[in-house]
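Visitor: Hi, I have a structure open on my screen and would like a hand reading it. Could you walk me through it?

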Amino acid sequence: MPLVRTERLTKSFGALTAVNEVSIEVEEGSLHSVIGPNGAGKTTFFNLLTGQHTPTSGRIIFDGHDIAGTPPHRVAHLGIARSFQRTSIFPTLSILDNVWLAAFARQESWRGLAWRRADRYPELTRRALVVLGEVGLSEKAGQPAREISHGEQRQLELAIALAAAPRLLLLDEPAAGLSPDETQKMVALVRKFKGRYTIILIEHKIDVVMTMSDRISVMHFGSVIAEGTPREIQRNPEVRRAYLGGVPAS
Amino acid sequence: MSKAWLAIVAAVVLLPVFVRQAIATEIWIFAIFGLGLNLLMGYTGLLSFGQATFFGSGAYVAGYLLKYYGVNVFLALGVGIVVGAVLAAAVGYLCVQRSGLYFIMLTFALNQMFYFTAYQWTTVTGGEDGMPGIPRPSVLGFDIHRPLAYYSAVAVLFLLSLWVMKCIVDSPLGKILQAIRENELRAEALGYNVPRMKLAAFVVGGAFSGLAGVLYAMLFGIVPLESIGFVFSGNVVFATLIGGSGSLYGPVIGSFVFIWLSESVSSMWARWPLLLGVAFVIVVLFFRGGVVEAWARFWIWRAVRRAPDAVQADASR
């Protein structure tokens, strides 16, 4: 059974249909990539999944329940976490606090919310440090998030999503704006988490997508024009015409 | 106990030696008011221009009960806190739906609504004349009519308020509010109900304002109409900004500077608000973090001047 399934999911902004009858199924534990040119509606699709936008029509079945139109803070509690294309962190807070806040949000009970010192949650702090260790930021845990490099902020972005212990992880161009070196690091990270989480990945770097994904959906002008394994996608003539252009099929 | 607390306790003990007791008392009352606003403005990033709503309403309701029903002092304080919190919940509910300029204007407009209600409702509030004759009942048998006795009572409540606020800002809630100030979208995506958290900040801020209002009424024996006016709302914003918004002790320092200037210097120089204006301009231009930031920068500057080599070595390491 797929963990998440969309049925003819549609979002219109006035005359513009940003997401047009998108039906996608993502199997538990798989890495499903969404590719397509800029403006294809990929990020809008994510915003629908996380509740930032309410769909115009269609359904989102997550774990057997229709969650379309659920507000973002509730979606987070269902176990859907995301990273943002444009780095979205808490700049003046420490790196540890950035991640800690994500972990705290997913607590079963918020006991001590307004009176217990935040540093008296040893279990949460430990979990936050483990996540920081996984993305390679544990040494900078005490630094304010605004002081680290762009590449490190992208790692933090990923750590914040991971700290929520998600069942479904939505990664929106985790390597956006990174140097080749940093991109390699990020790809290695995502690869490490493949299998541990169910991941939907938006990415522009085709080679990365082709080597990592279990399945790929190709979006163009809001619609899914093709779906399949990396191999099938590479062979699909329509995809090559619309998107891949000069990339030779291997 | 940390250095900051030692400094505050020392200030509480020494202040009445250096300034008139009534002024000293007013400083700590205004500091409680500022602590409440700071949770909203400094920590949550919500600039409320209507805090006098809760200050004045708490003062009027508790003052009325004290004057006509001779209620117990603890009940009066409790009522002030509850009135402040409940009104803040109502006003906050309306305001957190909007953000930015609209939010500020809404807090201001609702403040004006309460002000004109107090202004018109002369049978209860006394309108322009205020509500005089607020008694100062004794506390557990202690007479607090003497200025120093009342000062001590207020000082204890102030320290208690400061401690409560410290607990709140150090708690998960304090972190969540700062997260909302930094990045509302992300806070929501993490699973925090942003409007509800903002409302929580409002309610706490309202409770602190209400408490300060009752203490103010008992200090002067009157609830003046100004206590619910927008100038009062503005004053607490100025005081908090001058002291340093977003830092726990900022509003305390700000209250000292503000009240001391307005009460001491005003008797010598009628144009004293000019000084306040200059202080405010300096803060906005150079020290966004107020006196607290200026203080921190001074120590860094001094350390650099004393031992430039050591600092440079430290920086290059």
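This is a predicted model: local features need pLDDT of at least 70, side-chain atom pairs count only at pLDDT 80 or more; totals for chains, interfaces and linings use all residues.

Visitor: Thanks! What does the secondary structure of chain A come to?

Guide: Chain A has nine helices and 11 strands. Its C-alpha atoms fill a box of roughly 60 × 40 × 35 Å along the principal axes.

Visitor: And what radius of gyration does chain A have?

Guide: Chain A has 18 Å, which agrees with the value near 18 Å for a compact globule of 250 residues.

Visitor: Into which domains is chain A divided?

Guide: Domain 1 is made up of 1-79 + 167-181 + 193-250, and domain 2 covers 88-165. Taken over C-alpha atoms, the centres of domain 1 and domain 2 of chain A are 27 Å apart.

Visitor: How many residues of the two domains of chain A are in contact?

Guide: Seven residues of domain 1 of chain A touch eight residues of domain 2 of chain A. On the domain 1 side there are four nonpolar, three polar and no charged residues.

Visitor: Let's look at the sheets. In what order do the six strands of the open sheet in chain A come?

Guide: The order is E7-E8-E9-E4-E10-E11, with mixed pairing. Strand E7 (80-83) and strand E11 (223-228) of chain A are at the edges; each has a single partner strand, so one side of each is left without a neighbour in the sheet. From one strand to the next, the twist averages 20 degrees.

Visitor: How do E4 and E9 of chain A run, parallel or antiparallel?

Guide: They run parallel: strand E4 (residues 31-35) and strand E9 (residues 198-202) of chain A are joined by four bridges. To find the pairing on your screen, look for Leu31(A), whose bridge partner in E9(A) is Ile199(A).

Visitor: Which strands does helix H1 of chain A touch?

Guide: Helix H1 (residues 42-49) of chain A packs on the sheet and touches E4, E7, strand E8 (168-172), E9 and strand E10 (215-220) of chain A. The direction of H1 makes about 150 degrees with that of E8(A).

Visitor: I also see E5 in chain A. How does E5 pair with E1?

Guide: Strand E1 (residues 2-13) and strand E5 (residues 57-62) of chain A pair in the antiparallel sense over five bridges. There, Glu7(A) stands opposite Arg59(A) in E5(A). E5(A) is also joined by two bridges to strand E6 (residues 65-66) of chain A, again running antiparallel. In that pairing, Ile61(A) is opposite Asp66(A).

Visitor: Which residue takes a positive phi in the hairpin of E5(A) and E6(A)?

Guide: That is Asp63(A), with phi near 55 degrees; the hairpin has two residues between the strands.

Visitor: On to chain B. How many helices and strands does chain B have?

Guide: Chain B has 15 helices and two strands. The radius of gyration of chain B is 20 Å, close to the 20 Å that the globule rule gives for 317 residues, so chain B is as compact as a globular protein of that length. The C-alpha trace of chain B spans about 70 × 50 × 40 Å along its principal axes.

Visitor: How do the axes of H11 and H14 of chain B cross?

Guide: The axes of helix H11 (residues 230-243) and helix H14 (residues 290-306) of chain B cross at roughly 10 degrees and come within 3 Å. That makes H11(B) roughly parallel to H14(B).

Visitor: Which residues meet there?

Guide: Leu241(B), Ile242(B) and Gly243(B) in H11(B) meet Gly290(B), Val291(B) and Val292(B) in H14(B). By class, this contact of H11(B) with H14(B) has four nonpolar, two polar and no charged residues.

Visitor: And what about H2 and H11 of chain B?

Guide: The axes of helix H2 (residues 21-43) of chain B and H11(B) cross at roughly 80 degrees and come within 9 Å. H2(B) is therefore roughly perpendicular to H11(B). Among the residues that meet are Phe30(B) and Phe33(B) in H2(B), and Val236(B) and Val237(B) in H11(B).

Visitor: Last one: how many residues does the contact take from chain B and from chain A?

Guide: The contact takes 20 residues from chain B and 26 residues from chain A. On the chain B side, the largest share, seven residues, comes from H8(B). That side has 10 nonpolar, five polar and five charged residues.

Methods. Residues are numbered from 1 along each chain as its sequence is written. Chains are lettered from A and ligands numbered from 1 in the order in which they are written. Two strands pair if DSSP finds at least two bridges between them. Axes are lines fitted to C-alpha atoms, for helices over the stretch in contact, and angles run from 0 to 180 degrees between N-to-C directions. Ala, Val, Leu, Ile, Met, Phe, Trp, Tyr, Cys and Pro count as nonpolar, Asp, Glu, Lys and Arg as charged, and the others, Gly among them, as polar. Domain bounds come from an automatic or database domain assignment. Angles under 35 degrees count as roughly parallel, over 145 as roughly antiparallel, 65 to 115 as roughly perpendicular and the rest as oblique. The radius of gyration is taken over C-alpha atoms; the globule rule is 2.2 Å times the number of residues to the power 0.38.
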